[in-house]
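Reader: I have the file open and would like to go through it with you. Can you take me through the contacts, one at a time?

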Amino acid sequence: MTSSPVPVFDGHNDVLLRLMRRSGRHPERAFLEGESIGHLDLPRMRQGGFAGGLFAIFVPSEEDASVDDLMARPQYDIPLPGLVPLTEGQRVTLHMASILFRIEQASKGAVKVCRSATDIRGCIGNGVLATVLHIEGAEAIDPDLHMLDVLHQAGLRSLGPVWSRPTIFGHGVPFRYPGTPDTGPGLTERGQALVKACNRMRILIDLSHINERGFWDVARLSDAPLVASHSNVHAICPHTRNLTDKQLDAIRESRGLVGVNFATAFIRPDGRRDADTPLIEMIRHIDYLIEKVGVEGVGLGSDFDGATVPLEIGDARGLPRLVEAMEKHGYDDATIRKICGENWIDVLERTWGG
Ligand code: ZN
């Protein structure tokens with residue numbers, strides 16, 4: 001066996017939210033030097049082989065602190081907060097983007113905000129943490145999309161039109177178990193224009209959190225691969241956040257990708273948030289996705305710092321245990337490397353261009 005861990009390029013984390021919320025004046029130092037809270041910081045990522053990923057900007061609503069906690073119940077249907085005002089969305093988005101740029105600045109070359117697949121491959125080859133700026137919900141984007149131009153210039157390369165809460169662009173799924181993702185209307189007219197603009201600017205459109213009608217609207221309008229950065233299989237865990245077989249077929253047809261979410265509430269057939277969830281439960285989702293979407297269409301979407309993950313993983317240092325579980329299950333080295341990161345970089349390249 002190799003001594004250095006398999007490099008992981010991951011589809012979703014919320015470390016910027018954790019860093020914004022923590023007290024103390026220098027979140028960039030906490031990230032670079034490491035601390036013992038949460039799932040992600042540079043020393044622990046290096047230990048676990050976390051080589052890069054999409055770093056989400058998420059604008060919290062005042063009342064949404066406990067979604068993850070509430071999913072410990074046997075059934076749940078958690079009401080969504082309302083629209084976030086544009087000024088608040090922009091204020092928080094700029095704050096969190098600035099945290100990432102300050103990390104890059106303070107890292108002296110150890111962390112880079114990547115704008116192309118070539119950037120990402122270069123970073124991973126040189127042991128530099130490859131980060132991609134992503135917004136989870138378009139709360140910061142104005143109806144005329146001026147902010148989209150500015151964020152794109154700043155480095156934005158991926159965007160979810162909605163987190164679960166509605167935006168002026170569309171509607172997301174509430175956190176409901178059991179439940180289907182068909183929970184409401186599709187994209188608004190502005191949402192359709194946003195999809196077209198993202199295609200033009202080659203910004204990835206992330207379909208995790210959007211409801212099923214919104215998903216089909218994007219599938220119809222977009223010329224890019226369909227990607228759900230952190231979602232699982234509805235046929236195994238019938239949660240609103242997971243993807244139906246028909247959605248998986250469309251993702252396959254578009255040469256898209258699903259990032260397997262480590263959130264236990266989206267893994268377990270009983271839909272409960274419970275850290276005591278064996279890794280074989282995750283492997284069942286990966287097996288199913290390989291079968292349905294094809295081996296090139298499967299990646300990881302950890303949700304680190306945003307969800308309760310299996311105890312065996314714990315934090316970034318536990319990624320090699322997931323790799324071991326895949327090896328034990330019979331995946332060969334090439335398959336494991338694809339799932340752990342190569343597929344993600346390839347689909348980003350197909351979306352962004354060379
Ligand atoms: Zn999410």
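**Helix packing, metal site and salt bridges**

Author: The crossing of α7 and α8 is right-handed. A crossing is right-handed if the near helix is turned clockwise from the far one by less than a right angle, and left-handed if anticlockwise. Helices here are DSSP runs of H or I with at least four residues, strands are runs of E with at least two, and both are numbered from the N terminus.

Reader: Which residues of α7 and α8 make the contact?

Author: Leu148, Asp149 and His152 come from α7, and Leu194, Ala197 and Met201 from α8. Contact means heavy atoms within 4.5 Å.

Reader: What kind of model is this, and how are residues numbered?

Author: It is a predicted model, in which local features need pLDDT of at least 70 and side-chain atom pairs count only at pLDDT 80 or more, while totals for chains, interfaces and linings use all residues. Residues are numbered from 1 along each chain as its sequence is written, and side-chain values use heavy atoms, with hydrogens and water left out.

Reader: Back to the helices. At what angle do α7 and α8 pack?

Author: The angle is about 30 degrees, and the axes are 12 Å apart. Axes are lines fitted to C-alpha atoms, for helices over the stretch in contact, and angles run from 0 to 180 degrees between N-to-C directions. α7 and α8 are therefore roughly parallel; that label covers angles under 35 degrees, with over 145 roughly antiparallel, 65 to 115 roughly perpendicular and the rest oblique.

Reader: And what about α9 and α10, at what angle do they pack?

Author: About 20 degrees, with their axes 12 Å apart. That makes α9 roughly parallel to α10. Their crossing is left-handed. On the α9 side the contact uses Glu212, Phe215 and Trp216, and on the α10 side Lys246, Gln247, Ala250 and Ile251.

Reader: New topic. What coordinates the zinc ion?

Author: Glu136 through OE, and His209 and His230 through NE2, at 2.1 to 2.2 Å. Donors are N, O and S atoms within 2.8 Å of the metal (3.2 Å for Na, K and Ca); water is not among the atoms, so sites may look incomplete.

Reader: What spacing do the donors follow along the chain?

Author: E-x72-H-x20-H. Glu136 sits in strand β5 and His209 in the loop between β8 and α9, 73 residues apart.

Reader: Are Glu136 and His209 buried or exposed?

Author: Both are buried. Buried means under 20% relative accessible area, exposed over 50% and partly exposed in between, with a 1.4 Å probe and protein chains only.

Reader: How many salt bridges does the count come to?

Author: The count is 19 salt bridges, each a side-chain nitrogen of Lys or Arg within 4 Å of a carboxyl oxygen of Asp or Glu. One of them pairs Asp346 with Arg121, the closest N and O atoms being 3.0 Å apart. Asp346 is in helix α14 and Arg121 in helix α6, 225 residues apart.

Reader: Why do Asp346 and Arg121 count as partly exposed?

Author: Because Asp346 has 32% relative accessibility and Arg121 has 36%.

Reader: What does Glu139 form a salt bridge with?

Author: Arg165, with the closest N and O atoms 3.0 Å apart. Glu139 is buried, as is Arg165.
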